[in-house]
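Hi there,

Here is the structure I promised to pass on to you. Have a look at it first, and then read my notes below.

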Amino acid sequence: MTNAETELTPFPWHRKCPYQPPEEYAQLRPETPIAKVGLRTGREAYVVTSYEHVRKLLTEPNASSDRGHEGFPYYIDIPPQFRTEGSFIGWDPPKHTVYRRMAAVSGEFTKQRVRAMLPRIEQIVDERIDAMLEQGGPIDLVTALALPVPLTIVCEILGIPHQDHDYLHDRTDKLFGGKSSAEVRMAAITELNGYLAGLLEKKLEEPGEDLISRIVVRFHEAGLYDSRELVNLVRLLLNGGHETSAAMIAIGAMTLLEHPDQLEKLKNDWSLAPNAVEELLRYLTPGDLASSRVALADIDAGPVTIKEGEGMIICGGAANRDPETFPEPDKFDIERPNARNHVAFGYGVHHCIGAEIARVELTVVLTKLFQRIPNLRLAKPWNELQYKDGAVMYGVYEMPVTW
């Protein structure tokens, strides 16, 4: 089925509201949950909108993550380097398995390790909220809290100097921004790669206790040290470690403010916070457009057969609003019993390596934010804000709040 047949505009589609997915998902899901549509890049690909088919294709061996494949469905304007500079997120097993395990050296991303990090995470959040209270409102929640908290945490884990944080975020924002041209993305990735290559050399010569040091030493000892591939790996960890959480903190707070009944329920019982985070992840899914695949062989996907070489865009945000899995999916309910069944972090072998850190960050930030500033409110209506529409990671550029 083509765009002409479905009367759809080229993909990706727009969210008319920051906490609602594009309307086209609900239009397609009942009868064409796997629909071939036109992309803004001029190519075609299948868009997958049902929970059942999203999970099936994310575990399908012939649905490849190889971003260098000619059929990989890019829906934004990209430089050629994007096809080869993706690290293990753009690879398939067995190479994916080896590099993912090496990246997780010392169990950095396990629940036990994340629990050990909790005091430091709480300290970072309190420091940022202290600064907010000292400055007073109105203040931009993105630059004051949503961005610096996860960026500080991931940079401390990796061993990146604090003074370089703003520089790194500026480059990653250009890499993933929906409005960036191929030239802007190329310049950003070149500058970021140059910075990381220099940092890796320093860590190899004088390793410390940080994750980058342990990674470079382990790869060197295993005879797998390759500067280019390790730069890509560290860039992946850096990007993944703050982009999703930064987006979720801002629009998560916005969603709670725009649903005062649910916020009041949370304030009356803070033990609901972990499930509230799961529901926010399901409800918002900022990484809706982050999972694409290409068929290495014909795939029988039920309603259609995806031919070898054809691309698939696996829409997690659409799956998370599937009424077959989540009754009343457009209702925001922090007590939803199966909220954790969402696919906001992906599914299968490419499930987000930092999911547990993100969960803890979100729980701590949103709990402390509304405990310490209970009368927080938007200083500008949500529909007057600018959003990262069409970007790989959805979010808001700035979000003024006051109290």
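What follows is a short tour of a sheet, a pair of helices and some aromatic rings.

Please keep in mind that this is a predicted model, in which local features need pLDDT of at least 70 and side-chain atom pairs count only at pLDDT 80 or more, while totals for chains, interfaces and linings use all residues. Residues are numbered from 1 along each chain as its sequence is written, and side-chain values use heavy atoms, leaving out hydrogens and water.

Let's start with the sheet. Five strands form an open sheet in the order β1-β2-β8-β5-β3, with mixed pairing; helices (H or I, at least four residues) and strands (E, at least two) are DSSP runs, numbered from the N terminus, and two strands pair if DSSP finds at least two bridges between them. At the edges are β1 (34-38) and β3, each of which pairs on one side only.

Now the helices. The axes of α11 (residues 227-258) and α12 (residues 260-268) come within 5 Å and cross at roughly 100°; axes are lines fitted to C-alpha atoms, for helices over the stretch in contact, and angles run from 0 to 180 degrees between N-to-C directions. The contact (heavy atoms within 4.5 Å) involves Leu256, Leu257 and Glu258 of α11 and Pro260, Leu263 and Leu266 of α12.

Last, the aromatic rings. How many aromatic pairs does a search of the whole structure find? There are ten, where rings of Phe, Tyr and Trp (its six-membered ring) pair if their centres lie within 6.5 Å, and planes under 30 degrees apart count as stacked, over 60 as edge-to-face and the rest as tilted. Tyr19 and Trp382 make a tilted pair, 6.1 Å centre to centre with 55° between the planes, and they sit 363 residues apart in the chain. Tyr19 counts as buried because its relative accessibility is 10%, whereas Trp382, at 21%, counts as partly exposed.

Enjoy exploring!

Technical notes: Buried means under 20% relative accessible area, exposed over 50%, partly exposed in between (1.4 Å probe, protein chains only).
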